[in-house]
Amino acid sequence: MFLIELFTTFIYQPFFNILILMYWILGFFAENAPDMGVAVILLTIFIRFLLLPFSLAGTRSENERREIAHKVKELEVEFKNDPESFKKARKKVFSRNRGVLVSEMFSLFVQISISLMLWKMFETGLKGDDFHLIYSFMPEVEQPFNLFFMGRFELSEPSLLLNLVLSLMIFIFETISVLTSPYPPTRDEIVRLQLTLPVVSFLIFARLPAGKLLFVIVTLIFSIILAILKFIYYRFMAFKAKVDEKEQQAEDKEHDGFTIKPV
């Protein structure tokens, strides 16, 4: 009960009120009732910007995870006939990279918190069960809320079309990740990430409410844009490094040409 109260007070209630505030603001631009789906999109963008520093740090963690996996594979070959030595060596590798494990645990905590928050919002919150959690200083909002996105998708019910869009976004994101990764993917990784993952995700998310599907879709679009921008940035920095190297070599060559050699 204590953990539930902590989750409700410090995670669920603030974001529940932020969503309602965004819904209220949208009311100034809507002819009829504002669109809660648009409010969910705005909330998603807001959360992604809050988590942007952790998303950028996640790139480094991914590289570190690959390095750890590579070291473990080398140890498997080196100690294939000595299981005890392999366990000790593997333990040393993980102990030297505790920061990666901490980052993974935090990322898992954030994902679970967001999942629980969204589930509660669309399962009970926006239907009226959690209206008592609206802060007293919040503006009054006309109830019940309009839970239809674009007048078509009921946010509290599953949506086959949005689920298909979500699977497509997963495929696009994984394809871009493979194309922009500095590490050449294996055939197993391509099959698992680009083919199996979208299909499995479609089956798993089949019963999720459309509101959560919309949140994940916008999150994936945000991640796709971020991945493309990071790829462009790294390519630009690599190009700049080559240009600087050539300029330095030209300067060194020019300097050597003017050097007075002793007779």
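Colleague: What makes Leu21, Trp24, Ile25, Phe28 and Phe29 a nonpolar patch on the surface?

Modeller: In this predicted model, those five side chains form the patch with about 530 Å² of accessible area together. Members of a patch must have over 30% relative accessible area, and nonpolar side chains are joined within 5 Å.

Colleague: Why is Phe29 called exposed?

Modeller: Its relative accessible area is 70%. The cut-off for exposed is over 50%, so Phe29 qualifies. Phe29 is found in the loop between α1 and α2.

Colleague: What does Met121 touch, leaving out residues up to four places away in sequence?

Modeller: Met121 touches Tyr12, Phe15, Phe16, Leu19, Leu43 and Leu126. Contact here means heavy atoms within 4.5 Å.

Colleague: How do you know whether Thr8 is buried or exposed?

Modeller: Thr8 has 16% relative accessibility. Buried means under 20%, so Thr8 counts as buried. The residue sits in helix α1. Beyond residues up to four places away in sequence, Thr8 touches Gln13, Pro14 and Leu133.

Colleague: Now the charges. How many salt bridges are there?

Modeller: The count comes to two. Side chains of opposite charge can pair when their charged atoms come close.

Colleague: Why is the contact of Lys120 and Asp130 called a salt bridge?

Modeller: The N to O distance is 3.5 Å. The rule asks for a Lys or Arg side-chain nitrogen within 4 Å of an Asp or Glu carboxyl oxygen, so the pair of Lys120 and Asp130 passes.

Colleague: What does that pair tie together?

Modeller: Lys120 lies in helix α5, and Asp130 in the loop between α5 and β1 (148-149). The pair therefore ties together parts that are 10 residues apart in sequence.

Colleague: What makes Lys240 and Asp244 a salt bridge?

Modeller: Their closest N and O atoms are 3.2 Å apart. The limit is 4 Å, so this pair qualifies. Both residues lie in helix α8, four residues apart, about one turn of the helix.

Colleague: Why are Lys240 and Asp244 called partly exposed?

Modeller: Lys240 is at 38% relative accessibility and Asp244 at 35%.

Colleague: Now the backbone. What makes the peptide bond from Gln143 to Pro144 cis?

Modeller: Its omega is near 0°. Pro144 is found in the loop between α5 and β1.

Colleague: What is the phi of Met150?

Modeller: Phi is near 60°, a positive value in a residue other than glycine. Met150 is placed in the loop between β1 and β2 (153-154).

Colleague: Is Met150 buried or exposed?

Modeller: Its relative accessible area is 61%. Exposed means over 50%, so Met150 is exposed.

Note on methods. Residues are numbered from 1 along each chain as its sequence is written. This is a predicted model: local features need pLDDT of at least 70, side-chain atom pairs count only at pLDDT 80 or more; totals for chains, interfaces and linings use all residues. Side-chain values use heavy atoms; hydrogens and water are left out. Patches are made of residues with over 30% relative accessible area and no salt bridge: like charges are joined within 9 Å, nonpolar side chains (Val, Leu, Ile, Met, Phe, Trp, Tyr) within 5 Å. Accessible areas come from the Shrake-Rupley method with a 1.4 Å probe; for residues, only the protein chains shown count as cover. Helices (H or I, at least four residues) and strands (E, at least two) are DSSP runs, numbered from the N terminus. Buried means under 20% relative accessible area, exposed over 50%, partly exposed in between (1.4 Å probe, protein chains only).
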